[in-house]
Amino acid sequence: MTLRLRDIDTAPLTHVARLGSTNEEALAHARRGDAGPLWISADQQTQGRGRRGRSWVSPVGNLYVSLMFRTGAAPSALPQLAHVAAVALVQAIRATASPVSRLCIKWPNDVLVDKAKVAGILVEATMAPDRTQACVIGWGVNCSYHPEGLAYLTTDLSRVSGRAISAADLLQHLRPAMAEHLALWDEGRGFGEIRALWLADALPVDTPLTVRSDREQVEGRFQGIDGQGRLLLLGPHGPVTVEAGDVFLDERSAASVG
């Protein structure tokens with residue numbers, strides 16, 4: 001069974017007060033044979049996680065939600081779902097928390113206000129019992145609380161908008177935005193349009209970045225993303241294409257972001 005896009009906005013939503021991880025719960029549904037699509041949200045996560053298995057601080061007051069669906073997209077196109085999810089989230093934030101300004105997307109999966117992280121996105125996939133492919137997209141959005149003392153700046157929507165922003169209100173706008181942009185993506189066939197939307201809200205071109213992976217560290221200036229969604233940098237020795245890694249704004253970015 002492949003994704004029926006018209007069902008994304010109206011797909012069942014299971015909401016619980018406390019859960020280990022919304023992504024893990026959504027993956028468990030897929031592994032049990034649930035065809036989806038379905039949404040799972042929680043007021044609090046006790047085992048929230050980000051990319052590469054990192055812990056995600058998940059207190060009450062923020063949005064923790066995951067979407068599970070089946071897709072016939074090529075495995076090589078699945079990383080593009082992080083771009084789809086980011087574009088949809090930015091649209092939802094603008095609809096919910098206006099007049100938040102200076103929103104931007106940092107590759108591969110963060111949404112910032114100025115230089116401060118306000119949201120992260122985690123895309124995972126698993127094989128269902130019938131051997132079809134199930135995808136899970138998870139969003140963690142700082143609505144009324146943000147952690148401090150991390151290696152990067154953080155903020156929350158209530159703080160930057162000057163008024164209380166609830167997780168429920170944000171989710172109400174995220175669901176139709178995600179349906180709209182998944183339809184536009186069209187299992188990878190429409191990534192060119194998603195890419196254009198993503199670039200419109202990306203960090204400014206030439207923003208200095210550092211990319212760290214298990215094997216290396218690369219420094220360069222942001223040049224955009226390519227037709228597959230990979231990060232493009234201009235390094236000291238010429239163009240660099242990055243497929244995976246953690247991206248950090250360096251000190252030179254202070255004057256170029258915002």
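Keep in mind that the model is predicted. I'll take the charged pairs, then the strands.

A search of the whole structure finds ten salt bridges. I'll show some of them.

Start with R94 and D201. They form a salt bridge, and their closest N and O atoms are 2.8 Å apart. Where do the two residues sit? R94 is in helix α2, residues 81-97. D201 is in the loop between α5 (191-200) and β8 (208-212). So the pair ties together parts that are 107 residues apart in sequence. Now the surroundings. R94 is partly exposed, at 38% relative accessible area. D201 is buried, at 18%. The cut-off for buried is under 20%.

Next, R230. Which residues does R230 bridge to? One is D226: the two side chains meet in a salt bridge, 2.7 Å from N to O. Another is E243, where the closest N and O atoms are 3.5 Å apart. R230 lies in the loop between β9 (217-225) and β10 (231-235). E243 lies in the loop between β11 (238-242) and β12 (246-249). So this contact ties together parts that are 13 residues apart in sequence.

D226 is buried, with a relative accessible area of 13%. R230 itself is partly exposed, at 25%. E243 is exposed, at 61%.

One more set of charges. K106, D110 and K117 are linked in a network of salt bridges.

Now the strands, and β8 in particular. Is β8 covered or open? It is mostly covered, with four of its five residues buried.

Which strands pair with β8? Take β9. The two strands run antiparallel, and five bridges join them. A hairpin connects β8 to β9 through four residues. For a landmark, find R212: its bridge partner in β9 is Q217.

Then β12. It too runs antiparallel to β8, with four bridges joining the two. The landmark here is V211, whose bridge partner in β12 is V247.

β9 pairs with β8, and R230 sits in the loop between β9 and β10. β12 pairs with β8 as well, and E243 sits in the loop between β11 and β12. The R230 to E243 salt bridge links those two loops.

That's the tour.

Definitions and conventions: Residues numbered from 1 in each chain as written. Predicted model: local features only at pLDDT ≥ 70, side-chain atom pairs only at ≥ 80, totals over all residues. Heavy atoms only, no water. Salt bridge = Lys/Arg side-chain N within 4 Å of Asp/Glu carboxyl O. Buried < 20%, exposed > 50% of the residue type's maximum accessible area, 1.4 Å probe, protein only. Pairing = 2+ DSSP bridges.
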